[in-house]
Amino acid sequence: RDGLARTIHRAHMLTPSRFPHEPFTAADLRSIEIPRGDLRTALADGRVRRVLRGVYVEAHLEDTVSLRVAAARRVIASGSVVRDRTAAWLHGVDALSWAETEVLPPIETCVRRFEAPTRRAGVDGRTRDLLPRDVMDLDGVLVTTPLRTAIDLGCNLKRRSALASMDALSRLHGLERSQFFAELPRFRGRRGVRQVRPLVPLVDWRRESQRESWTALAISDAGLPAPEPQYWIEIGGVPVWRLDFAYPRHRVAIEYDGEEWHDRTPEQRKNDRDRRDWMRKDGWIIIVVTKAELGPDGPGAWIQTLTEALADRATTLRRWVAPH
């Protein structure tokens, strides 16, 4: 059966596609007389993928911002502004939870206060106070700006997902903390502002993944100083290895090993072990954080290990500089 399925899949892939070469809806397929069953089959065998609720594209098309905008244009009502996680998606940041990538949530839009929000199926239409500077036009689609989107997500998402989204939007769109601080006063009294306010000082565009943002938040919640993200180890003045986080003066490093670590080749994993062995011999303490230790029950034992390592190194440093 598996062999037959693979043969059918290859035949589908070699057959010229009947589907539109741009984002389309089920209604579009009816207009060109493609049965709904063909869409279900194409989704099942991977020839087509769902990018928004009710919007599809051929699987081989590259996931670009322009493609996302074209998909949004198919279902966004005129005058509506894309907000929150859908806006983040259009700006290149996926803020959906793991479960939501399987069953996509409604498209999030809003209109300005005193206007009627959309009631279209598959769209979560609301009203929101927006200033002209909060909205931009992406090739015909109105969307909240990266800064406004980051602040909205900081208010609305769970803390660690909020910080991860704020970090990612800052990284992709060059947002600075000063911009966040300048906007915060106008959100006084808004639901969620008590959460976003203490997150703003933690935002750092240098973090390169959601899990790195989660790790940084766990360190902050433990009352520890912020480590240096993406710190380079130099040998002979040449940058050789880059660490996720480091306290260089204390020679303490934190590295995140997620599922992708297991996808690396045996040679790559050996290089990682050799690198860490070299650093330990050079006096570094390496603390490895796994996905399981960033679960919903809070950080694992690594936080205690980090706390003790920093305290021990701080004691050693004081001895070096103490007068005799």
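Reader: Helices here are DSSP runs of H or I, at least four residues long, numbered from the N terminus. With that settled, which helix gives the most to the lining of the second largest pocket?

Author: Helix α7, with 7 residues. Bear in mind that this is a predicted model.

Reader: Noted. Which other elements supply at least two residues of that lining?

Author: Besides α7, there are β1 (48-52), α5 (84-90) and α10, each supplying at least two.

Reader: What volume does the second largest pocket have?

Author: About 650 Å³. Its lining is made up of 34 residues.

Reader: Which of them lie nearest the centre?

Author: Trp 89, Val 93, Asp 94, Ala 95 and Leu 96.

Reader: And how does the lining split by class?

Author: The lining of this pocket has 14 nonpolar, 9 polar and 11 charged residues.

Reader: Back to α7. At what angle does it pack against α6?

Author: Helix α6 (residues 146-156) and helix α7 (residues 159-173) pack at about 170 degrees, and their axes are 8 Å apart. The pair is therefore roughly antiparallel, since angles over 145 degrees count as that.

Reader: Which residues meet there?

Author: From α6 they are Pro 146, Thr 149, Ala 150, Leu 153 and Gly 154. On the α7 side they are Ala 162, Ser 165, Met 166, Leu 169 and His 173.

Reader: Now α10. Is Ser 213 buried or exposed?

Author: Ser 213, which lies in helix α10 (residues 210-221), has 1% relative accessibility and so counts as buried. The cut-off for buried is under 20%.

Reader: What does Ser 213 touch, not counting residues up to four places away in sequence?

Author: Leu 163, Ala 164, Asp 167 and Arg 207.

Reader: Different topic. Where is Ala 42 found, and is that residue buried or exposed?

Author: Ala 42 is in helix α3, which covers residues 36-44. Ala 42 is buried because its relative accessibility is 0%.

Reader: Which residues is Ala 42 in contact with, leaving aside neighbours within four places in sequence?

Author: Phe 19, Arg 47 and Val 48.

Reader: What about Ser 17, how far apart are Ala 42 and that residue in sequence and in space?

Author: The two are 25 residues apart in sequence. In space, C-alpha to C-alpha, Ala 42 and Ser 17 are 10.0 Å apart.

Notes:
Residues numbered from 1 in each chain as written. Predicted model: local features only at pLDDT ≥ 70, side-chain atom pairs only at ≥ 80, totals over all residues. Heavy atoms only, no water. Buried < 20%, exposed > 50% of the residue type's maximum accessible area, 1.4 Å probe, protein only. Contact = heavy atoms within 4.5 Å. Axes fitted to C-alpha atoms, helices over the stretch in contact; angles between N-to-C directions. Parallel < 35°, antiparallel > 145°, perpendicular 65-115°, else oblique. 1 Å grid on protein atoms, 1.4 Å probe; cavity = no way out; pocket = protein on both sides within 12 Å on 5 of 7 lines; lining within 4 Å. Points joined across faces, edges and corners; volume = space filled by probe spheres on them. Nonpolar A, V, L, I, M, F, W, Y, C, P; charged D, E, K, R; others polar.
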